[in-house]
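Please open the structure in your viewer and keep the selection tool at hand. The stops below proceed from one selection to the next.

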Amino acid sequence: MARRTGNLLFRIFTWLGALLVAAGGFALAYEIYLAVGAGAWRIIPAGQIWFELHNPSLNLAQAIVQRYLHPFLWDPLIAGFLQWPLWASLGGFGIALMIVFGRRRR
C-alpha cells in the first residue's frame with residue numbers, strides 16, 4: 001500500500017510540474033504578446049503579478065516570513081525571486097518538480 005501511495009504522490013507532483021511549465025509558457029506568450037503590441041520588450045516580474053492579483057496575501061506572506069521565520073529569507077531571497085520574470089519562475093519550479101519526481105527507471 002505504501003508503494004502505491006508513493007507512486008501516486010510522484011505522479012501528482014510530476015503533473016503539477018507539467019502544469020507549472022505550461023503556465024510558464026502561457027506567461028511567456030503573454031509577455032511576447034505585450035511586447036508585439038507595445039513595440040518594446042518589458043519583463044513582467046512574478047512579484048508584480050502577485051501584487052496585482054492579491055496584494056493582501058503578498059503583504060501577509062512578507063510579514064509571516066520576516067516575523068516567524070527569518071528576515072534574511074524575505075529580503076535577499078524571496079524578494080529577489082519575485083523580481084524574476086513570471087515565466088522563468090513558474091517554468092523553472094515546474095521543471096525542478098518534474099526532474100525530482102519524474103519517472104524512475106529500474
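Axes are lines fitted to C-alpha atoms, for helices over the stretch in contact, and angles run from 0 to 180 degrees between N-to-C directions. The model is a predicted one, in which local features need pLDDT of at least 70 and side-chain atom pairs count only at pLDDT 80 or more, while totals for chains, interfaces and linings use all residues. Residues are numbered from 1 along each chain as its sequence is written, and side-chain values use heavy atoms, with hydrogens and water left out.

**The whole chain**

Along the principal axes, the C-alpha atoms fill a box of roughly 50 × 40 × 20 Å.

**Helices α2 and α3**

Select residues 46-53 (α2) and 55-69 (α3), which pack at an angle of about 120 degrees with their axes 5 Å apart. That angle makes α2 oblique to α3; under 35 degrees counts as roughly parallel, over 145 as roughly antiparallel, 65 to 115 as roughly perpendicular and the rest as oblique. Show side chains next: G47, W50, F51 and L53 in α2 meet N55, S57, L58 and A61 in α3.

**The nonpolar core**

Now select L58, V65, W74, A79 and L82, the five residues of the largest nonpolar core. Such a core is a set of buried Ala, Val, Leu, Ile, Met, Phe, Trp, Tyr and Cys residues joined through side-chain atoms within 4.5 Å. Helix α4 (71-82) and α3 each supply at least two residues of this core, and α4 gives the most, with three. Centre on L82: residues up to four places away in sequence aside, L82 touches P45, A46, G47, W50, L58 and W74 (contact: heavy atoms within 4.5 Å).

**Two single residues**

Move to S89 in helix α5 (residues 86-101). Is S89 buried or exposed? S89 is buried, with a relative accessible area of 6% (buried is under 20%, exposed over 50%, partly exposed in between, with a 1.4 Å probe and protein chains only). Beyond its neighbours within four places in sequence, S89 is in contact with A46, F81 and W84. Finally, select Q48 in α2, which is partly exposed at a relative accessible area of 26%.

Technical notes
Helices (H or I, at least four residues) and strands (E, at least two) are DSSP runs, numbered from the N terminus.
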